[in-house]
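Colleague: I am new to this structure and would like to know what lies behind the words used for it. Could we take the helix packing, then the pocket and the cavity?

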Amino acid sequence: MNDEQIKFLLGAARPGGRDTADPAFAGAFRRVADDPKLRAWFEREQAFNVAVCEKIRTVTPPSGLREAILAGGRLSARPPWWRRPATLAMAAGLALLLTFASVALRLTRPATAADLPEFALKFAGRGYIGLQEHGTDVEKLKAWLASRNAPLPAKIPTELVQLHGLGCRTVEFQGKDISVICFEEGHEFHLFVARRADFPALLASAEPRFRARGAWASASWSDESNHYVLVSDAGEKAVRRFL
């Protein structure tokens, strides 16, 4: 399979890794694991699909749609329900709502104070970070990020730097690249870095703010240049000790 065929096939893969064991996707997933560009594309595709699904859940179908469908099934002498002007109008309205939700999600929704920690928790919680650069030397990882014009941390917490480094990558958030630097000590710790200038709507706070979701926990804070989110499945107590 070439790249386009792989993208076409994995475009049907459900978010959350529910199709990783399906033999129909096995070859495509192997290619994604070996190809950094395909892997980055697939991660963006999956993140977008998750976000769109969540947005669709907030859309209310037009009133009367269910009744119109049922009435069409009962009256066989009338034209099929899907050809009736009222039903077509309601379906068109629903399609317009879904299209608007998708476009608004990607292009118009401003970042809020809750967005970056929520994004970081979901991204790390999938269990597949997909590092683009591997290594234990944090300065070399920062140099790799700098070569891609990615945001660089002004200062990484001292105790965090002392952990075993794993690697780094960039990932897209709200249309901008942010950096992810990963460490390990029994559990993995992922530091997300975003430029404040790229996200003026995000609340900047030097005081860490904590959040927990099951075993996962995050701490978010800001300095003069960047917003930071530290995420780990080691729990909130483990995250707190680095700040």
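Modeller: What follows goes through the terms one at a time, and the model is a predicted one.

Colleague: Why are α1 and α2 called oblique to each other?

Modeller: Helix α1, residues 3-10, packs against helix α2, residues 23-34, at an angle of about 125°. Angles of 65 to 115 degrees count as roughly perpendicular and those over 145 as roughly antiparallel, with the rest, apart from those under 35, being oblique. The pair α1 and α2 is therefore oblique. Their axes are 10 Å apart, and the crossing of α1 past α2 is left-handed.

Colleague: Which residues of α1 and α2 meet?

Modeller: From α1 they are D3, I6, L9 and L10, and from α2 they are A24, F25, A28, F29, R31 and V32. By class, this contact has eight nonpolar residues, two charged and no polar ones.

Colleague: What makes α2 and α3 roughly perpendicular?

Modeller: The angle between α2 and α3 is about 110°. The range for roughly perpendicular is 65 to 115 degrees, and α2 and α3 are therefore given that name. Their axes lie 5 Å apart. On the α2 side the contact is made by F29, R31, V32, A33 and D34, and on the α3 side by P36, L38, R39 and F42. Six of the residues in this contact are nonpolar and three are charged, with no polar ones.

Colleague: What lines the second largest pocket?

Modeller: The second largest pocket has 14 lining residues, and those nearest its centre are G17, T20, F42, Q46 and Y128. Helices α2 and α3 each supply at least two of the lining residues. The largest share is that of α3, with four residues. The lining divides into seven nonpolar, four polar and three charged residues, and the volume of this pocket is about 300 Å³.

Colleague: How do you know that the largest cavity belongs in the count of cavities of 30 Å³ or more?

Modeller: Its volume is about 70 Å³, and the cut-off for the count is 30 Å³ or more. The count comes to one cavity.

Colleague: Where does the lining of the largest cavity come from?

Modeller: Of its 12 lining residues, L116, L203, R209, S220 and H227 are the closest to the centre. The elements giving two or more residues are α6 (115-125), β6 (216-222) and β7 (226-232). By class, the lining of the largest cavity has eight nonpolar residues, three polar and one charged.

Note on methods:
Residues numbered from 1 in each chain as written. Predicted model: local features only at pLDDT ≥ 70, side-chain atom pairs only at ≥ 80, totals over all residues. Heavy atoms only, no water. Axes fitted to C-alpha atoms, helices over the stretch in contact; angles between N-to-C directions. Left-handed = near helix turned anticlockwise from the far one by under 90°. Contact = heavy atoms within 4.5 Å. Nonpolar A, V, L, I, M, F, W, Y, C, P; charged D, E, K, R; others polar. 1 Å grid on protein atoms, 1.4 Å probe; cavity = no way out; pocket = protein on both sides within 12 Å on 5 of 7 lines; lining within 4 Å. Points joined across faces, edges and corners; volume = space filled by probe spheres on them.
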